[in-house]
Amino acid sequence: MGLESRRMLISASAVATLFFFFCFHGFCYALNSPPYGFVKNATHAPRVSYHDYIIVGGGTAGCPLAATLSERFDVLLLERGGSPYGNPNISNLASQTNNLAYITPTSPAQSFVSEDGVIMRRARCLGGGTCINAGFYSRASRQEVMDMGLNPKLVNQSFRWVEREVVFRPHLTGWTSALRAGLLEAGVTPDNGFTYDHLDGTKVGGTIFDPAGHRHTAADLLKYADPARITVLVRATAQRILFRNVTAGGHRKKQPQAYGVVYKDLDGNIHEARLKQGSISAGEIIVSAGALGSPQLLMLSGVGPADHLRSLGIEVVLDQPMVGQGIADNPMNVLVVPSPEPLSLTSLQVVGIRPGYYIESLTGFSFGVGNSSSHTGVIVEKLAKPLSRGYLRLKNVDPEDNPSVTYNYFTEPEDLRTCVEAMQTIMRTVDTEAFSEFRYPNQTVEYLQNLTASLVVNNRARSPQDATSLEQYCKDLVNTIYHFHGGCEVGKVVDHDYRVIGVDGLRVIDGSTFSFSPGTNPQATLMMLGRYMGLLIRKGGK
């Protein structure tokens, strides 16, 4: 088959499906539903309820946080999406592509397009991104833990708590074994073997897919919850946080205090969850709605840039101009590699870690016309800590709509230089003897660059130079691995105990507080953080 004919085999829709799978489009239902009697549809909730802690967002951090706090306190966990249990097609790795295009008003993945023209997905399911990601598990580095101001001993205890329940060692396929050897041959050394730790070089990481190919999610960590002290409501969309002005000794306190959450069920009924008065805890609202959802909810509740809020008719509770600022995404670029060998569908298994970028891959997608087919893999580079930052704004006052997000990819020249270096490393890897079994001998890396450049992967303007200039290739073909973060950063919106600065009774604990995405893939650190902060709050240490 000629090169031009082979190029025609790859349709834009198939490639879009491929990228959506890689980043976060998995399935959100486990094969066997655990006996969680405390998980209920919000339509069955009372119109008003009282709790020690109210957590908005049952995602990657929210589930372990809720489970941990329930060991001592009465906890309500509100999740806008559905349960991850009950549909056997969703959790199976082998069935992933069956649901990739399943986008509805209530589907586990919600679609949006950034103002930069990159097609995105955000999770909408109990378990959050762990329900729809590619499964790779790798801890934050020791330096990142120190930069976050966390206690290393408690961090390690929290990681191990997560790993006992949801993390497994992958069985390498032929492709991932060849990729591992190719990375080493291309100079991404040393060989660090199998480890959860973040180490420069090439390693095999963990996975949340078990040996049978079934996904495990952050929702599985709810097994540690005290069922007598926790209520989990799904299809419960938070509308706003309730604040009051507290008086003490006849004087009004300067800081407003959060005391409840208004949420809507699937039938449109409005409910209120309020903090108990005079309970064993001071009681708090904790927002764990993610890098988009948390700044969005703060703004909808009146905490954010005053002029922006007033323009939408939102009453200002606190003028906090940093809410929504500094949001970032780790830009992703890929090289598509058609293989002469059949490739099974795999989760992420191997990563090359270099200063400034990471290299990963996926395989097993078949693109074909008529009786022809080509098994294809993609090798991906992700910038580790992009300097380019953006911002989030509300489009309207509807919590179910996506906010407007601008990431400003590659506005900082250093990011572009790092992307070019990463793509050059991918090309050296593909050119190695170790990887030669999985590429056609007549397909040069220049051909593969041109092939990939011909695929429609985003809504950005394109240039004829995409096929020849790596700088233009990086800018025009930029995509996402959905590791966006920021918008409620520590030191700017929340303090180092994750309390929202300027109000009482409110914290944010999730990826919106990060100034960088920790580790090669952040899910490990987010689950750890939920457990970590739950322990500190439970013990009264924070």
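Strand 1 and strand 11 (residues 230-234) run parallel and are joined by three bridges; strands here are DSSP runs of E with at least two residues, helices are runs of H or I with at least four, and both are numbered from the N terminus. In this pairing, lysine 40 stands opposite leucine 233 of strand 11. The model is a predicted one, in which local features need pLDDT of at least 70 and side-chain atom pairs count only at pLDDT 80 or more, while totals for chains, interfaces and linings use all residues. Residues are numbered from 1 along each chain as its sequence is written, and side-chain values use heavy atoms, with hydrogens and water left out.

An open sheet of three strands, in the order 20-25-26, shows antiparallel pairing. Strand 20 is joined to the antiparallel strand 25 (residues 390-393) by two bridges, and isoleucine 327 stands opposite glycine 390 of strand 25. Helix 7 (residues 290-300) lies across strands 20, 25 and 26, at about 50° to strand 25; contact means heavy atoms within 4.5 Å.

The largest nonpolar core contains 148 residues, and Leu222 and Leu506 have the most contacts inside it. Such a core is a set of buried Ala, Val, Leu, Ile, Met, Phe, Trp, Tyr and Cys residues joined through side-chain atoms within 4.5 Å; buried means under 20% relative accessible area, exposed over 50%, and partly exposed in between (1.4 Å probe, protein chains only). Helix 12 (residues 523-538) supplies the largest share of this core, ten residues. Not counting residues up to four places away in sequence, leucine 222 touches Tyr36, Phe38, Cys63, Ala67, Leu77, Leu126, Ile230 and Val232.

A search of the whole structure finds 13 aromatic pairs; rings of Phe, Tyr and Trp (its six-membered ring) pair if their centres lie within 6.5 Å, with planes under 30 degrees apart counted as stacked, over 60 as edge-to-face and the rest as tilted. Tyrosine 36 and phenylalanine 38 are stacked, because their ring centres are 5.1 Å apart and their planes lie at 25°. Both residues are buried. The pair of tyrosine 137 and tyrosine 196 is edge-to-face, because the centres are 5.3 Å apart and the planes lie at 75°. This pair links distant parts of the chain, 59 residues apart: tyrosine 137 is in strand 7 (residues 136-137) and tyrosine 196 in the loop between strand 8 (191-194) and strand 9 (201-204). Tyrosine 137 and tyrosine 196 are buried. Ring pairs also link Phe112, Tyr407, Tyr409, Tyr482 and Phe484 into a cluster.

Methionine 332 is located in strand 21 (residues 331-339) and counts as buried because its relative accessibility is 0%. Methionine 332 and asparagine 479, 147 residues apart in sequence, are 5.0 Å apart in space, C-alpha to C-alpha.

Terms used: Pairing = 2+ DSSP bridges. Axes fitted to C-alpha atoms, helices over the stretch in contact; angles between N-to-C directions.
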